[in-house]
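These are my notebook entries on one structure, set down in the order in which I looked things up. The sequence and the model come before the entries.

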Amino acid sequence: VTFHPMVTRSILDLTFRTYNYKLGMELPSALACFIYKRMSHHLVQATANNPYTPKLVSFLRQSPPGLSEDMYSNTRAMTNALKVLKKHSVIQTSKAEVNKQGCKIGYVDYVIYHHEYFIKAMRKANFRQSENRAIS
């Protein structure tokens, strides 16, 4: 049995990004877990003034639950996932910008502001990663 070579190389080179696994496992929703993991890996410069702005359709296409045919189900799933993240102090607030095409929802853009605990965790991860680069 061998470990995945890319993961092994990342561990040996200390180039991995830290992630709060305990919090990720506490999240009851697969979509909330996906959002949290995505924010942890991609928002290196998380600040209170720099929101995360995913587009609903493109974001859900990449997520484990996937994209539903019904836009109401998609927006409800995202709203519930954001409520879970707010409860776990990952996000402070979120706002949906809905663009309707007639009576139907055309597309939805979200503006998600990070919680101060999430921002502190990202700063700590950045510091740890810069220390690891200095060592290697």
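I looked up D109 and found it buried, with a relative accessible area of 17%; buried means under 20% relative accessible area, exposed over 50%, and partly exposed in between, with a 1.4 Å probe and protein chains only. The model is a predicted one, in which local features need pLDDT of at least 70, side-chain atom pairs count only at pLDDT 80 or more, and totals for chains, interfaces and linings use all residues. Residues are numbered from 1 along each chain as its sequence is written, and side-chain values use heavy atoms, with hydrogens and water left out.

I then asked which side chain meets D109 in a salt bridge. The partner is K55, at 3.5 Å from N to O; a salt bridge here is a side-chain nitrogen of Lys or Arg within 4 Å of a carboxyl oxygen of Asp or Glu. The pair links distant parts of the chain, 54 residues apart: D109 is in strand β2 (residues 104–114), and K55 is in the loop between α3 and α4 (56–62). I note that helices (H or I, at least four residues) and strands (E, at least two) are DSSP runs, numbered from the N terminus.

How many salt bridges does the structure hold? I found three. In general, side chains of opposite charge can pair when their charged atoms come close.

One of them joins E26 and K22 at 2.9 Å, N to O. Both residues lie in helix α2 (residues 21–26), four residues apart, which is about one turn of the helix. I recorded E26 as partly exposed, at 39% relative accessible area, and K22 as exposed, at 60%.

Another joins E116 and K120, whose closest N and O atoms are 4.0 Å apart. These two are also four residues apart, in helix α6, so about one helical turn separates them. E116 is partly exposed, with a relative accessible area of 44%.

Next I examined helix packing. The axes of helix α3 (residues 30–42) and helix α5 (residues 71–87) come within 8 Å and cross at roughly 65°. Axes are lines fitted to C-alpha atoms, for helices over the stretch in contact, and angles run from 0 to 180 degrees between N-to-C directions. From α3, the residues L31, A32, I35 and Y36 meet A77, M78, A81, L82, V84 and L85 of α5, contact meaning heavy atoms within 4.5 Å.

Leaving aside neighbours within four places in sequence, T75 is in contact with L56, I105, V108 and Y110.

I checked S89, in the loop between α5 and β1 (91–101). Phi of S89 is near 60°, a positive value in a residue other than glycine. Most residues other than glycine have a negative phi. S89 is partly exposed, at 24% relative accessibility.

Last, I looked up confidence. The mean pLDDT, the predictor's confidence in each residue from 0 to 100, is 87 for the protein, and 97% of its residues reach 70 or more. Among the elements, helix α6 (residues 116–135) has the lowest mean pLDDT (81) and α5 the highest (93).
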